[in-house]
Amino acid sequence: MNKAIRSSALTRRRLIEAASQVFASLGVQGATTREIARVAGVNEVTLFRHFASKEQLLGAVIENALALQIEALAHPQAWTQDLKIDLKRYAQLYNTMLEGHEDLIRTFIGEAKRHPEAARQVIQQAAKPLGEKLVAYLQCSQRRGIVRADVDPFPAVDMFTGMLLAGMLCRTAKFNQGNYSCEDYIETCVNIFVRGISITPL
C-alpha cells in the first residue's frame, strides 16, 4: 500500500471514529459535518472527499460497528449446525457489539421517532446484513428438520436480538433484578429461544 492510499485510509478511519463520537453525543439531527470534521482534525472539504453526505457517514459508522460480527458469521465453517452452540456464539458476538457502542445505540433509540427518513433507511440498511445471517441460518435449520417449520425466522430473529438489546440496556443502567452475570443472561436467552424453535425439545 503506497503512502497516499495509507494516508487516505487513516483519514477515513479518523472520520468514522469522530462521527461515532459526535452522533453518540449530539444525535443524528444534531450532528453536523463541520463538527465531525473538527473532532477528526480535518476540514469539511476533506470529509466530503470521503463521504458525500452525513447519511453516508452514518452508514459507515454503523457498518464499522457491525463489521467484526458480520465477518465472524460470514463463513459457513463458522456454524457448527448445533443450534445451542451457534446461537450462543451469535449472542456473544452481538452482545460485544452492543456493549462496545452503547452510547450510540442509546442515542439512536432516544431519537428514533425524530430520525429523518433518509437516516432511518441508512440505519436499517447498514444493520441488515447481521440479521440476515441469522435468518438464513434458521431457514437452513428448518430445511434440515431442526427448527420448527411454523416458526417465521424474521420475527424470531428480531425477538432474539431484542432480548439481547434489552439485557444490555437494563444491565448498563443497573435495572436488572437479581444478582446474575451477563453470561448468565445470554445463556438463559439462548436456552429459552432454542427450546421455543426446536422440533425436539432440549
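This is a guided tour of a predicted model, stop by stop.

**The whole chain**

Read along the sequence, the pattern is α-α-α-α-α-α-α-α-α. The C-alpha trace spans about 60 × 40 × 30 Å along its principal axes. Now colour by burial. Of the 202 residues in the protein chain, 39% are buried.

**Helix α2**

An α-helix has 3.6 residues a turn, so residues three or four places apart point the same way. Then step past the end of the helix. Gly-41 follows α2, and its phi is positive, near 80°.

Move to α4, residues 54-72. Pick Leu-68, which is found in this helix. Is Leu-68 buried or exposed? Its relative accessibility is 68%, so Leu-68 counts as exposed; the cut-off for that is over 50%. Next, draw a C-alpha to C-alpha distance from Leu-68 to Met-97. The two are 8.3 Å apart in space and 29 residues apart in sequence.

Continue into the loop between α4 and α5, where Gln-81 is found. Check its backbone: Gln-81 has a positive phi of about 75°, although it is not a glycine. Gln-81 is partly exposed, with a relative accessible area of 30%.

**Aromatic pairs**

Now show the aromatic rings. A search of the whole structure finds 5 aromatic pairs. Select Trp-79 and Tyr-137 to see one that is stacked, with 4.3 Å centre to centre and 20° between the planes. This pair links distant parts of the chain. Trp-79 sits in the loop between α4 and α5, and Tyr-137 in helix α7 (residues 117-143), 58 residues apart. Both Trp-79 and Tyr-137 are buried.

Go on to Tyr-90 and Phe-160. How far apart are the ring centres of Tyr-90 and Phe-160? They lie 6.4 Å apart with the planes at 35°, so the pair is tilted. Here too, distant parts of the chain are linked: Tyr-90 is in helix α5 and Phe-160 in helix α8 (residues 153-172), 70 residues apart. Tyr-90 counts as buried at 1% relative accessibility. Phe-160 is buried as well, with a relative accessible area of 0%. Together with Tyr-90 and Phe-160, they form one aromatic cluster.

**Helix α6**

Zoom to α6, residues 102-110. Its buried residues are Leu-104, Ile-105, Thr-107 and Phe-108. They cover an arc of only 160° around the axis, which puts them on the same side of α6.

**The largest pocket**

Finish with a surface view. The largest pocket has a volume of about 940 Å³. It is lined by 29 residues. Select Tyr-94, Ile-123, Gln-124, Ala-127 and Leu-165, the closest of them to the pocket centre. Tyr-94 was already on screen, as a member of the aromatic cluster. Now colour the lining by element. α4, α5, α6, α7 and α8 are the elements that give two or more residues. Which element gives the most to the lining? That is α7, with 9 residues. Last, colour the lining by class: 19 residues are nonpolar, 6 polar and 4 charged.

Note on methods
Residues numbered from 1 in each chain as written. Predicted model: local features only at pLDDT ≥ 70, side-chain atom pairs only at ≥ 80, totals over all residues. Heavy atoms only, no water. Phe/Tyr/Trp six-rings, centres within 6.5 Å; stacked < 30°, edge-to-face > 60°. Helix = DSSP H or I, 4+ residues; strand = E, 2+ residues; numbered from the N terminus. Buried < 20%, exposed > 50% of the residue type's maximum accessible area, 1.4 Å probe, protein only. 1 Å grid on protein atoms, 1.4 Å probe; cavity = no way out; pocket = protein on both sides within 12 Å on 5 of 7 lines; lining within 4 Å. Points joined across faces, edges and corners; volume = space filled by probe spheres on them. Nonpolar A, V, L, I, M, F, W, Y, C, P; charged D, E, K, R; others polar. Arc of directions from axis to C-beta.
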